[in-house]
Amino acid sequence: MPDGRSPLEAEIRRLIAAAGPMPFADYMRLCLTHPQYGYYVTRDPFGTRGDFVTSPEISQMFGELIGLWMAAVWKQMGAPENVRVVELGPGRGTMMSDALRAARTVKGFYDAIVVHLVEISPTLQQAQQKRLQESGVPMLWHASFDEVPAGPVIVVANEFVDALPVHQAIKAADGWHERVVVVGPGDTLSYGLARDALPFFDGTLPRALRQASDGSIFEWRTDRFALALGRRVRADGAALIIDYGHTRCALGDTVQAVSGHSFADPLRKPGEADLTAHVDFETLALGAECIGARSYGPVTQREFLLQLGIRERGAVLKSKAPRDKAGEIDGGLSRLIRTDNRGMGELFKVLGLADPKIGPLPGFAAPSQAAKQ
Ligand code: SAH
């Protein structure tokens, strides 16, 4: 490849030459999930030697609490005899493995579940198969959420929605223009603006954002995912979406490329860095609600995990673990709930969605005193 271009860059240049400027969302989709060169398709990006570390990889307590949450929700649903436990984007399968181990203790739940793993990457599907083969529950893989069969459902997703492609628009004097990727003056991939303004775009924005100044950036994802999720849980079920993002729909460019634990330029070496954007939880919740689902939160990851009893869980683990493991358990707990920039407690939010019949979901009560400390 000329100048060390990635194979995906050659493909993207070919597509731009054939079809013209590429909306950023299409670029992001290709970078992450191109069937041959996509970031997730070609590697296992997790862990200290990978590009980033996620909550389930930090501490087993994270997945265990999610498992107990699922079992509690199943009881609230009336303990159906068959329930689909769905994980979207399971990565290495760590969260599901920890969740199933914890949920095993809840009588009846284990016998009721079939696990459905929605994973686009064959490499990660294999890693998940290996990790979960001992679990003893029936397990099926799908490339898309739409393939999960109808029926009672409990959906969980950690750091999945941030990998769904975002569109960006930039405000100019004559309206909002979609951000596109072009081949720029120095023969490198560069940002540009679509020639024509997006018709009636202002009218689709929350009122407070309509007076945005020129140069402002607005990001959005298609409603497809929120509607599909809303429809499924509305019929009979619940969902838990955990991700970093904002509680209110807002302006701003949150696209990030990360490679080897450092920030990278999103337009350099496409397919070789992770690309994400914050989740707009307000819009996600609204999409699911307009189908009839009820939403809970979003609350911070700290509030959610404290309400589910992560401190108590940590104490139990420590009492059973060899003494030299105690520091590791404390360290993991602290990283999951601390609110400064070394922790994931504040930036990460948790949104619950459910069939209104099943009542308030665990973990979403008003913040406890403990959560505020
Ligand atoms: N939940 C895991 C992994 C998060 S990374 C954890 O917390 O560790 C995102 C995951 O979503 C990866 O498994 C990735 O392959 C998968 N993924 C990304 N886009 C996807 C898509 N469009 N459809 C299905 N899976 C996708």
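Modeller: The model is a predicted one. The lining of the largest cavity consists of Tyr27, Cys31, Pro266, Arg268, Lys269, Pro270, Gly271, Ala273 and Leu275. Its volume is about 30 Å³, and the structure holds one cavity of 30 Å³ or more. By class, the lining of this cavity has six nonpolar residues, one polar and two charged.

Lys269, one of the lining residues, belongs to the loop between β12 and β13. Its phi is positive, about 50°, although Lys269 is not a glycine.

His261 sits in the loop between β11 and β12. With a relative accessible area of 44%, His261 is likewise partly exposed.

β11 (256-259), β12 (262-264) and β13 (274-276) each supply at least two residues of the lining of the second largest pocket. That pocket has a volume of about 640 Å³. It is lined by 22 residues, and Phe52, Val53, Gln256, Met344 and Phe348 are the closest to its centre. Its lining divides into eight nonpolar, seven polar and seven charged residues.

The largest pocket has a volume of about 900 Å³. Its lining comprises 38 residues, with Thr33, Ile120, Phe160, Ala163 and Leu164 nearest the centre. At least two lining residues come from each of α2 (24-33), α4 (55-58), β2 (83-88), α6 (94-103) and α9 (224-236). The largest contribution is that of α2, which gives four residues. Of the lining residues of the largest pocket, 19 are nonpolar, 10 polar and nine charged.

Gln168 has a relative accessible area of 0%, so it is buried. Its side chain makes a polar contact of 3.0 Å with the side chain of Glu219, and another of 2.9 Å with the side chain of Asp253. Beyond its neighbours within four places in sequence, Gln168 is in contact with His177, Glu178, Arg179, Ile217, Phe218, Glu219, Trp220, Asp253 and Val255.

Three of those names, His177, Glu178 and Arg179, fall in strand β7 (residues 175-183), which pairs with strand β8 (residues 189-193) in the antiparallel sense over five bridges. Within this pairing, Val180 stands opposite Gly192 in β8. The two strands form a hairpin with five residues between them, and Asp187 in the turn has a positive phi of about 60°.

One further backbone feature remains. Gly297 and Pro298 are joined by a cis peptide bond, with omega about 0°. Pro298 is part of strand β15 (residues 294-300).

Notes. Residues are numbered from 1 along each chain as its sequence is written. This is a predicted model: local features need pLDDT of at least 70, side-chain atom pairs count only at pLDDT 80 or more; totals for chains, interfaces and linings use all residues. Side-chain values use heavy atoms; hydrogens and water are left out. On a 1 Å grid over the protein atoms alone, a cavity is a set of points where a 1.4 Å probe fits but cannot get out, and a pocket is an open set with protein on both sides within 12 Å along at least five of seven lines; lining residues have an atom within 4 Å of a point. Grid points are joined across faces, edges and corners, and a volume is the space filled by probe spheres set on the points. Ala, Val, Leu, Ile, Met, Phe, Trp, Tyr, Cys and Pro count as nonpolar, Asp, Glu, Lys and Arg as charged, and the others, Gly among them, as polar. Buried means under 20% relative accessible area, exposed over 50%, partly exposed in between (1.4 Å probe, protein chains only). A polar contact is a pair of N or O atoms within 3.5 Å; within protein, one must be able to donate a hydrogen and the other to accept it, and residues adjacent in sequence count only if both atoms are side-chain atoms. Contact means heavy atoms within 4.5 Å. Two strands pair if DSSP finds at least two bridges between them.
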